[in-house]
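Please look over the structure shown below with this briefing at hand.

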Amino acid sequence: MSVNKDIFEPDRSFNYDLQTENRTFIEWHEADRVPDKLVDTHCAFCGVQCGMYLKVADGHVIGVEPRDYPHNLGSLCPKGVVAYQQVEHPDRLRYPMMRRNGRSSPLERVSWDEALDHVTSRWRAIQAEHGNDAVAVYSGSSMTNEKCYLAGKFARVGLRTRHVDYNGRLCMSSSAAAYAAAFGIDRAPLPMPDIELSDCIVVDGTNVAECFPIVMQWIWRARDRGARLIVIDPRETPIARTADIWLAVRPGYDIAIVNAMLRHVIHTGRTDDAYIAERTAGWDAVREAVEPYTPEMAERVAGIPAERLLAAAELYARAKAPLILHGKGIEHSTHGVDNCQALINLALARGMVGKPGAGTMMLTGQGNGQGGREVGQKAAQLPGYRHIDVPEDREYIAGVWGIPEAELPGEGAAATEMVHLMASGEIKSCMIMCSNLMVSLPDNAVVQRALEQLEPLVVIDFFMSQTAELADVVLPGTVWCEDEGTTTNLEGRVIRIKSAAAPPGEARTDWEIMCAIADRMGRGAFFPFRTAREIFDELRVASKGGHADYYGITWEKIDAQQGVFWPCPTLDHPGTPRLFTERFAHPDGRARMRPIAHQPPAEEPSEDYPFRLTSGRVVYHYLSGNQTRRIGFLFEQAPEPWVEIHPRAAEPLGIHDQDRVRVRTPRGSMELKALVVPTVRPDTIFIPFHYSHEQSVNQLTNPAVEPGVKIPEYKVCAAAVERLDVAPATGGAAVENLTAENRPAMFPYTVGETKAAAKPQRSAS
Amino acid sequence: MITGTMFIDPSRCIGCRACEAACRECDTHKGESMIMVDFIDRRESVATQPTLCMHCEDPVAPCAQVCPAQAILITPEGIVQQADPSRCIACRNCVYACPFGVPKFDVEERLMKKCNLCYDRTVQGLQPWCSQACPTDALWFGTFEQFKDKRTGRPIDVTGFGTQDVQTRNYFVLPERVDKLDVLALLREVGAPAEATAVREEAWVL
């Protein structure tokens, strides 16, 4: 939600513009420029990847025009409308910078040669002394498939290190593992227009209205045809506001609700027994496991009235094509994979996965969150969703890359584990691209200590981020529309990103930077790329025969048929918009069900920390806000974080609307404005996460991770709220459910340990 | 000839202000938005509503009627235009006359400004920028017949102000009269125990 701006406010600004870090406004210039061409491309600001035209005049991006594309139909959210304003933003990084005399010296402008020579000479020295794995690559997903693919190859071939992972670890790893384990393929099974065909939509753990505004029109189309809407969320979000039933779940307890819904389906005889018998495995154990989840039990655990739950369960049970949409609310959890699996169990029991407009659909958050997680920049993964522990996968990729299989490194640390390796000195240097760890990782005091250990810390970015501020070398990269390439949106639709402008100053595309570094590391022979197209063609070959098979996708085909859905194994294959219509991707064609028991979050409220703190998004900002906080229109709407607290909770604390308050957790404290509203559970507080430095909610969040996929539990931790004139209490403890005994095992893994969760079974076909 | 008109459905508005951002992209008033999104009452709800010119038809354009300089012109399609810069005398009569509070007065330019339904776009068969961008179709552009064919909700083009009714070219969309889910009936149908079907007077959250 935005700030409440009254139109009678005297200083309400109707004229917004670009906003630089020090908040000076710049006038609109030459507003009447006429474009000399329109570039058909896509927005960069979330997994939906809306089609848009960029208006270009004399090589400058000057505006945006609607583009009628199959999944957004010309619509754009506010981020999409103003996305073009980053291109010529005055804060863009235009030349390489380096601290010439160590940590305490300032970042100063240097030439590319000096910067890269410094980096590569340090890396050679580090690797000679401490081994290849002492240098790591921390990548990101908000960039083209070509760059994501090259990041994995750059680490494993260019630097010969095992440590490469990416920020999708913090985003999609729960649902990815759950879908891979249940269905054999990690992809949303449906295209977005299918949502219209559903007659009962369950939204669990995602504020669709603010995180995926464009999806709303498909939900409303379904509702116009009579579909019911059930929202499970601790806050009354804009999508919960008009839902038929809103279940204000206690954060972290969704499983109790989902299992109780499944129990109701069973007890009222609405399971699809033929489907279960023919197409699934593991049903009996699931049926038994959900039996204790009565509506009353769910009421006790999840904190919602049993009647409401029963009504929701009945709507779901009687629907002909119920569809479940789920997002980070359930996935940012120490049992995130189980949360997803519980939903999958429910959909499979009703026989819905594989039917048009029905089943389950994960909502991938990040720009290229789908493509970024299948082209091989994940710790245990090789391109095409291959697994690094499987001998034939290693053999194939080593062949494509032209290296002996033995030279291909093994599995490395997950993003959340890398930080600990940096702190302990095992990783001596890291290159970070497309990521802002200081804002995005939980408990960021620990992250800062880890990054300060590195020598050198190399960051590629196009704006100065809080992470880049800590770097020894900062290399200027490009924004999305300064390069060619492809991305894969949340439907699995591979689309084309086209160049609309040249990079500013000396900035270079991330892939050019990687190729240049690889060359200086003596590995240039493996990185002969002159265009992004050449990288894509290698990716096509590398993914061939894998689950995420891009081999049949060409740039021409993407243009001709408005995106191509993978898997697309041959050049004459049209792509696969709907998955699992006849069989699942496991060798026996069956989907896997697994009994899921309710588990508490890692940390729960105590007397000292009586609230549950949950974090989330606002519609105006994207990820760490490093881009959107610089665009005046977006910044104006949500210039600082706030804490949402229920009036019933605020009153005894003496907190009034708009007061500045202190929020404390066992890890830290921060001061921010209170928004006292009844749209959040009284036992829960909410803070948006897009802000940096002392405004970052990740000073407070719990770094506890899911045992398998190592996704952090951003969505619930124990917290206290107090007025500023109250002296901050020291000490105190929350209820800890993760103890020394059951804490997840961390890197290193034995070979095969992560395979079951992350690796889809090879399909028989 | 522009046959479409705007349908404004506040129940679908998510307060994202894509319409405001999009309105600023219009070449005729680049950088300025002629549409406003406001919270109804953030202390109670997240509900929001967009406000834009309703293009009054009967009485026709109160803003134009009170204009002493005849600066506000109306197209044959009934679209009430922003003040003509060569005629506007900056008297602000229109600002006070508008029942919906739409016209804005630009002090520096000494000119009234308001939505003209993206005349440059709509005259070419395109949608206005705001409804084109709107991710939820809370702003929806088309004919009455198309609306009835595709959408639920009751389109209303008459707004009452005291004893004065104003009929507008644009429509507000109100919720259907009988679309609310009857939870109790549903519970009775599934044979929930009697005590469960009694209305519990407790909060929505436990």
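**Helix packing, chain contact and confidence**

In this predicted model, helix α8 (residues 254-267) of chain A and helix α14 (residues 336-349) of chain A have axes that come within 9 Å and cross at roughly 15°. Because angles under 35 degrees count as roughly parallel, α8(A) is roughly parallel to α14(A).

**The helix pair**
- The crossing of α8(A) and α14(A) is left-handed.
- On the α8(A) side the contact is made by D254(A), I255(A), V258(A), N259(A), M261(A), L262(A) and V265(A), while α14(A) contributes D338(A), N339(A), A342(A), L343(A), N345(A), L346(A) and A349(A).
- Sorted by class, the residues in the contact of α8(A) with α14(A) are nine nonpolar, three polar and two charged.

**Contact between chains A and B**
- In the model, 54 residues of chain A are in contact with 45 residues of chain B.
- Elements of chain A that give two or more residues to the side touching chain B are β3 (60-66), α1 (78-82), α5 (208-211), α6 (215-224), α7 (238-241), α12 (306-318) and α23 (632-637).
- Of these, α12(A) gives the most, with five residues.
- The side of chain A that touches chain B comprises 29 nonpolar, 13 polar and twelve charged residues.

**Confidence in chain A**
- The average pLDDT of chain A is 92, and 94% of the residues score at least 70.
- Over residues 22-30 of chain A, pLDDT stays under 50, and the model has nine contacts beyond four places in sequence for this stretch.
- Over residues 758-765 of chain A, pLDDT also stays under 50, and here the model has 22 contacts beyond four places in sequence.

Note on methods. Residues numbered from 1 in each chain as written. Chains lettered and ligands numbered in written order. Predicted model: local features only at pLDDT ≥ 70, side-chain atom pairs only at ≥ 80, totals over all residues. Axes fitted to C-alpha atoms, helices over the stretch in contact; angles between N-to-C directions. Helix = DSSP H or I, 4+ residues; strand = E, 2+ residues; numbered from the N terminus. Parallel < 35°, antiparallel > 145°, perpendicular 65-115°, else oblique. Left-handed = near helix turned anticlockwise from the far one by under 90°. Contact = placed C-beta atoms within 7 Å. Nonpolar A, V, L, I, M, F, W, Y, C, P; charged D, E, K, R; others polar. pLDDT = per-residue confidence, 0-100.
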